[in-house]
Amino acid sequence: MATLARASDGAAVPPMQEGDGHFADNIVFFAWALRKAGLKIGPGAVTDAIEAVTLIGIGSRDEFYAALQSVLVKRYEDQALFDEAFRLFWRSHDLIGRMIAAMPPMAPDSRETDRRRAGERWISDALFADREAQRPVRDEPDIEIDARLTASGRDLFRRTDFARMLAAELSEAKKALAALVLPMDEVRTRRYRASHRSRRIDPRATMRDAMKTGGDLILPRFREPKTIHPPLVVLADISGSMSQYTRIFLHFLHVLTAKRRRVHTFLFGTRLSNVTRQMNRRDPDAAMDDCISAVSDWSGGTRIGETLHVFNRLWSRRVLGQGAIVLLITDGLERDDVGDLKMEMDRLHRSCRRLIWLNPLLRFDGFEARARGVRAMLPHVDEFRAVHNLAAVSDLVESLSGRFSRDADPRRFMARR
């Protein structure tokens with residue numbers, strides 16, 4: 001019987017022998033798991049991976065990893081998924097079974113455990129989805145519960161504050177954010193596109209088609225105004241009081257970035273950071289890790305007026321065209337002079353079509369605009385909304401789709417002063 005090679009970490013690496021078809025089958029299944037997780041791998045790449053391992057042999061785990069990685073990884077953004085799949089797949093299957101059996105039914109209340117490995121969720125779903133379906137169904141007695149005059153669990157979950165959720169609840173909240181219906185906001189441009197509706201004749205297209213027949217046949221062509229999604233610009237506060245809410249909201253922005261064009265994300269604490277490129281990563285966990293790595297002031301202080309000045313001076317003309325909508329996520333607790341904050345908020349408001357302020361302090365029923373920064377910012381926003389739970393984010397999606405609510409009118413908070 002052949003002896004399994006041992007890597008430096010003690011994991012077993014199967015030997016490569018002539019006529020051993022099980023090892024090739026394992027490579028095929030490994031490639032299938034990568035393909036199910038989102039990597040673009042065809043049959044030719046699987047054949048090349050088997051031939052590469054056959055040619056170089058297996059002297060160590062690192063050499064085996066390099067052989068598969070050089071063939072199966074085609075894009076930089078797929079590297080994290082491949083690393084996680086290799087870590088989970090090429091190790092002792094008995095160890096995997098013991099670890100799964102030892103996992104608790106609910107994750108502990110720890111904010112550090114919420115930071116998962118990049119690509120872990122995608123690879124786990126690809127490798128172990130069938131195991132959940134094969135579990136035997138337990139016969140349990142039916143219990144009837146009278147739930148009249150009580151709130152449903154789903155409704156309570158939608159209204160639970162993000163800051164009070166456990167790790168398992170935060171995971172469910174991220175899935176709910178990814179499942180939200182995207183806003184259907186569109187603006188009319190001055191450009192036209194071809195149309196089958198006979199409302200407006202397109203003279204240029206009509207004459208161009210007539211020239212093909214020498215003018216013997218002239219058929220009218222029609223056009224209609226072109227509509228596009230307006231740019232969506234997000235300015236998110238990452239100070240100590242806002243980091244938890246901003247991190248959850250970034251998962252919703254990741255879905256928007258993947259489904260529509262021109263979504264620009266900026267993070268600010270004591271300085272402004274553009275993380276639009278980091279948000280374009282396909283895996284949400286990898287995108288969050290890249291955003292945190294790209295900024296140096298996460299969970300630090302905040303200087304709203306100065307960061308808005310930097311945005312207005314360097315970025316406003318680049319990203320605030322064609323009826324852009326700005327989402328400003330902050331609690332408004334400014335430490336510097338509010339005079340500069342008033343001027344920068346007024347300039348930002350005049351540069352965009354809509355300015356929506358998302359403030360988690362609105363979760364308190366008795367909220368009043370008493371802070372200096374809040375009083376300086378309120379006159380220059382179009383909507384004032386909460387962002388502390390799933391219900392608030394759902395209301396924001398409806399507002400972006402064109403359904404305005406009087407509850408978000410900032411004038412009612414200014415009248416309370």
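In this predicted model, helix α13 passes helix α15 in a left-handed crossing. Helix α13 spans residues 304-314, and α15 spans residues 338-351. Their axes come within 9 Å and cross at roughly 35 degrees. From α13, the contact draws on Ile304, Gly305, Leu308, His309, Phe311, Asn312 and Arg313. From α15, Leu341, Glu344, Met345, Arg347 and Leu348 take part. By class, the contact of α13 with α15 has 6 nonpolar, 3 polar and 3 charged residues.

A further helix pair was examined. Helix α8 (residues 167-178) packs against helix α10 (residues 243-259) at an angle of about 35 degrees. The axes of α8 and α10 lie 8 Å apart. Here the crossing is right-handed. On the α8 side, Leu170, Lys174, Leu177 and Ala178 make the contact. The contact of α8 with α10 has 6 nonpolar, 2 polar and 1 charged residues.

Three elements, β10 (383-385), α17 (390-400) and α18 (411-415), each supply at least two residues of the lining. Helix α17 gives the largest share, 4 residues. By class, the lining of the second largest pocket has 9 nonpolar, 3 polar and 9 charged residues.

Note on methods: Residues numbered from 1 in each chain as written. Predicted model: local features only at pLDDT ≥ 70, side-chain atom pairs only at ≥ 80, totals over all residues. Heavy atoms only, no water. Axes fitted to C-alpha atoms, helices over the stretch in contact; angles between N-to-C directions. Left-handed = near helix turned anticlockwise from the far one by under 90°. Contact = heavy atoms within 4.5 Å. Nonpolar A, V, L, I, M, F, W, Y, C, P; charged D, E, K, R; others polar.
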